[in-house]
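Subject: Structure handover and notes

Dear colleague,

Please find below the structure that I promised to pass on, together with its sequence. My notes follow it, and I would be glad if you read them with the structure open beside you.

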Amino acid sequence: MRAFLWGLSLMCLSIAGCSQDGSESDNSPAGEKVPDTPDGYVETGDLDALKSRGQFRILVHRAADEYLPRAGYPLDVEREMAKRFAREQGLEPVVISVPEYGDLLAQLLAGRGDMVAANLTVTPERAEQVGFTLGIDQTREVLVGRSGEPAPEGVADLSGRRVGVMRDTSFWELAESYFAEVPDIDQDIEIVPLPSTMTSDEVLDGLVAGEYDFALQDSNVMDVVRTYRDDVQVQLTLGERRPLAWAIRPSNTALLEQLNRFLTRERLTRTDIRAHTDDLTGIKERKVLRVITRNNGATYYLYRGELVGFEYELAKRFADSLGVRLQMVVADSDEAMIPMLNEGRGDMIAAFMTRTDERADRVAFSRPYHYATETLVGRADEPAIDSLKQLAGRTLHLRRSSSYWSTAESIRERGVDVTLAPVSSTMETEDILARVADGTYDLTIADSHILQSELTWRDDIQGLLPLGDPTNQGWAVRPENPELLAAVNAFWKKEYRGLHYNILYKRYFEDDARIREQRAGRVDVSETGALSPWDELARSYAEQYGFDWRLILAQMYQESRFDPAAVSWVGAKGLMQVMPRTGNELGLSPLDDPEVSVHAGVKYMDWLRYRFPERLPVDEQMWFSLAAYNAGVGHVRDARRLADQQGWDPDQWFGHVEKAMLLLTQPRYYQKARFGFVRGHEPVNYVRHIRDRYRAYARLTE
């Protein structure tokens, strides 16, 4: 609870300074209500009152009736997150579009909505009116000009120029105060007032048309704008970094607590939300290969706390060959993978995807790396089936998005009266096989390697009939990424049926004893109900200090592999590997007691997060805290300063401060650092491993 009260005080110190653009689409999913005006009932009660009504009203800025949603666009991201929160609370999300940006907070306070999600900058003025959640992002106001034109070196160079600024936004507040701080300049800068009904693109269109010389925008919005238009560019950064957050009524403390819980998890589990559709050159520049897959026993899963899987291990080997890091992106369903790839939410698909004509029209497949025979599967006591004609009157339970569905349709086209029953697109083949085994489903189809793996540990199903010749499976990339495709093909030319491939294949699909062992050790909360023996301890102290218990559990595994008797070479003890001196300072001992160790570790994490700026988004604050848990606060602060000196973002751990941490192993850098040398790879790997394991835990338990 303490962390959420801290979140309340933080957000109320710096409340939303409506930053800009709130373009909102009317292209809403079926069933989502999007009133054109903020008319409707008035409700100012807290979460219980909202649940009594059954709706969660999300106030947004109606800057345009229609626009093209783009991956990573702040308003899209916020809207989708807000809808997910509502549904998790059992509430119907109702999006309410407000024409004037300056009316958003007034409508909230009047009870015409329950939350504002509009890329709101937290400012002291707004903090006096409303309450704010934990930060969902941060931004800086930037001066945008036309591409190709000289950029001003400072505000003094704006003398005699016109700057387009939207009224009733944080831009207007900044322009009035910031320009006035430069003596004898503010009178020479013409501020062109713009309606707060405009979208960011409309503001930029006016700039390009010459209606003014510059425009103020948010840096996070411009990060996305630059991916699709090249006629404008950021020319000057103004002001300090400020948090972006959701606004609620100050009295709605229960709602705030649940929103903060939700945002903490969302920020920590999210992958890179920005769309990247560039080829291999861009991947190497970003130093991250994003691989879209599914969470199942054939591809990617948790085994006794370790991330494993046939596709995972080969994708990691491929990433290593490119000299980049691997980031697994788990799709919610099979049918979601290709859209995710083409939208730029991943760089390739590695999920035993069967090549079909329909799929080949949408993605580019690599050379085959696996062949599978689609097989009819039934219960172990089924009588033998020798021909397709014996399927008459039977029912096949299949995902409509799978290649199995096409196979089943071809059976019907041959005149066999078999019923096709679609199952949820989120179900894995192994889950469908389990329902066949217990009699819930009649028959299904599975790839031979999946069936083979399942038969190593269960005897209640059987393969009844092969359905055609083996089909080839490959990794998939976007058609416009020929460099990546060539690299994948070169990888498979070398690896396919090589020693490493064969060892992995035997491990995951042919070694009966190992498969049974892995199955027994697989983290499957649907069967065991737990991720570890220490779930309840993690829940208890995470709840007390306002952390996600699964993050604490992931950290615990990284520290001790869940061994309460673990002692490190420097004397750290217990599940959370707390140093005795730290335990004494926290007033907690003995550290080999599991409960004491968990309490000490979580309490220390709680202390660490207050060592970093409150304006940081909750995820960045957590990554810095984890790095400090491993390496010490001083080394992390050194790395942040060094990142800033190198032109990287000192407020972002991944891809920025972590790179600076690695530099602190070199004399020319650590000799100028206050805290000197650090084994930089240790905190870098520590944070990355905990993040990946936490995300896997979160997916398994949601």
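A residue is called buried when its relative accessible area is under 20%, exposed when that area is over 50%, and partly exposed in between, with a 1.4 Å probe and protein chains only. The model is predicted, so please note that local features need pLDDT of at least 70 and side-chain atom pairs count only at pLDDT 80 or more, whereas totals for chains, interfaces and linings use all residues. Residues are numbered from 1 along each chain as its sequence is written, and side-chain values use heavy atoms, with hydrogens and water left out.

Helices (H or I, at least four residues) and strands (E, at least two) are DSSP runs, numbered from the N terminus. On that basis the protein chain has 29 helices and 25 strands, and 57% of its 702 residues count as buried. Taking contact to mean heavy atoms within 4.5 Å, residues 24 or more positions apart account for 76% of the contacts in the protein chain that have a separation of 6 or more.

Helix H9 covers residues 253-269, and twelve of its 17 residues are buried, which leaves the helix mostly covered. Among those buried residues are Leu 255, Leu 256, Leu 259, Phe 262 and Leu 263, but also Glu 257, Arg 265, Glu 266 and Arg 267. From its first C-alpha to its last, H9 reaches 24 Å, close to the 24 Å expected at 1.5 Å a residue, where the expected span is 1.5 Å times one less than the number of residues.

Helix H25 (residues 618-631) and helix H27 (residues 653-663) pack at an angle of about 30°, with their axes 11 Å apart; axes are lines fitted to C-alpha atoms, for helices over the stretch in contact, and angles run from 0 to 180 degrees between N-to-C directions. The two helices, H25 and H27, are therefore roughly parallel to each other, given that angles under 35 degrees count as roughly parallel, over 145 as roughly antiparallel, 65 to 115 as roughly perpendicular and the rest as oblique. Glu 620, Trp 623, Phe 624 and Ala 627 in H25 meet Trp 653, Phe 654 and Val 657 in H27. As for H25 itself, 13 of its 14 residues are buried, so this helix is largely enclosed by the rest of the structure. H25 is followed by Gly 632, whose phi is positive, near 105°.

A second pair is formed by helix H22 (residues 549-560) and helix H29 (residues 681-701), whose axes come within 8 Å and cross at roughly 135°. H22 and H29 are therefore oblique to each other. Their contact includes Trp 549, Leu 553 and Tyr 557 of H22, and Tyr 686, Ile 690 and Tyr 697 of H29.

Two single residues may also interest you. Leu 108, in helix H4 (residues 104-109), is buried with a relative accessible area of 0%, and its C-alpha atom is separated by 7.5 Å from that of Leu 59, 49 residues apart along the chain. Not counting residues up to four places away in sequence, Leu 108 touches several residues, including Leu 59, Met 115, Val 130 and Ile 248.

With best wishes
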